Amino acid sequence: MVKILVVDDHAVVRSGLMMLLHGKQNMEVVGEAAEGGEGIQAALRLQPDVVLMDLNMPHGKDGLTATSELKKLLPDISVLILTMHDDEEYLFRAIHAGASGYILKSAPHEELLAAIHSVASGNAYLYPTATKRLMSEYLDRLKHGGDSGTPYESLSERELEVLALVAKGYSNKEAAEQLIISVKTVESHKSNIMEKLGLKSRPELVKYAMKKGLLNFE
């Protein structure tokens with residue numbers, strides 16, 4: 001029997017999921033929570049096999065933070081992100097936080113059930129278009145020699161600091177204050193970073209920083 005904990009800030013969503021999952025295909029919903037912090041406490045108490053985790057829960061800990069903390073406390077637990085965000089930035093962040101799977105709320109019921117069984121068995125699960133995106137990006141990096149690490153290694157220590165701060169959402173002014181340098185210097189470093197890494201936009205920079213482990217979501 002797969003024991004499931006549902007964490008979502010919408011009561012209607014939680015109720016719907018519990019009705020769908022309870023007793024189906026050897027599944028049992030053992031609890032629910034309305035935000036990440038509550039979800040962590042429930043998981044510690046109930047010891048579920050799988051946590052169905054929403055991403056955006058504005059009145060408490062968000063799903064990414066909760067996932068990261070939960071995996072440190074219960075490394076063997078499987079977290080399946082269930083979200084409306086069909087966005088590769090959220091996808092990469094979820095994987096980095098330790099999620100075992102990522103599925104959309106618009107997915108058919110059968111797909112959700114399959115995803116739960118997959119992560120409960122210790123496997124990873126990504127919805128089909130997400131898998132295609134990851135494979136496409138991986139092949140693109142291979143094609144352009146991205147795995148060599150040379151562009152990254154060419155960044156100076158200061159450029160790495162600027163890269164991390166900008167990717168975390170700091171403005172040029174905030175990054176300058178943090179590093180005790182001028183805004184103009186930050187802009188110059190950012191321009192050099194984008195050129196060295198072949199990046200054209202901030203989202204690309206954020207994804208690159210995630211893949212290099214420069215961000216944390218605690």
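The second largest pocket is lined by V13, G16, L17, L20, L82, I103, L104, K105, A107, P108, H109 and L112. A pocket is here an open set of points, on a 1 Å grid over the protein atoms alone, with protein on both sides within 12 Å along at least five of seven lines, and its lining residues have an atom within 4 Å of a point. The elements that give two or more residues to this lining are α1 (11–21), β5 and α5 (109–120), and α1 gives the most, with 4 residues. Helices (H or I, at least four residues) and strands (E, at least two) are DSSP runs, numbered from the N terminus. By class, the lining comprises 9 nonpolar, 2 polar and 1 charged residues; Ala, Val, Leu, Ile, Met, Phe, Trp, Tyr, Cys and Pro count as nonpolar, Asp, Glu, Lys and Arg as charged, and the others, Gly among them, as polar.

The model is predicted, with local features requiring pLDDT of at least 70 and side-chain atom pairs pLDDT 80 or more, whereas totals for chains, interfaces and linings use all residues. Residues are numbered from 1 along each chain as its sequence is written, and side-chain values use heavy atoms, without hydrogens and water.

An open sheet is formed by 6 strands in the order β2-β1-β3-β4-β5-β6, with parallel pairing; two strands pair if DSSP finds at least two bridges between them. Because β2 (27–33) and β6 (125–126) stand at the edges with a single partner strand each, one side of each is left without a neighbour in the sheet. Strand β1 (residues 2–7) is joined to β2 by 6 bridges. Within this pair, K3 stands opposite E28 in β2, and V7 has A33 as its bridge partner.

Helix α3 (residues 63–73) lies across β3 (50–53) and β4 (78–83), running at about 165° to β3. Angles run from 0 to 180 degrees between N-to-C directions, with axes fitted to C-alpha atoms, for helices over the stretch in contact; contact means heavy atoms within 4.5 Å.

Notes: On a 1 Å grid over the protein atoms alone, a cavity is a set of points where a 1.4 Å probe fits but cannot get out, and a pocket is an open set with protein on both sides within 12 Å along at least five of seven lines; lining residues have an atom within 4 Å of a point.
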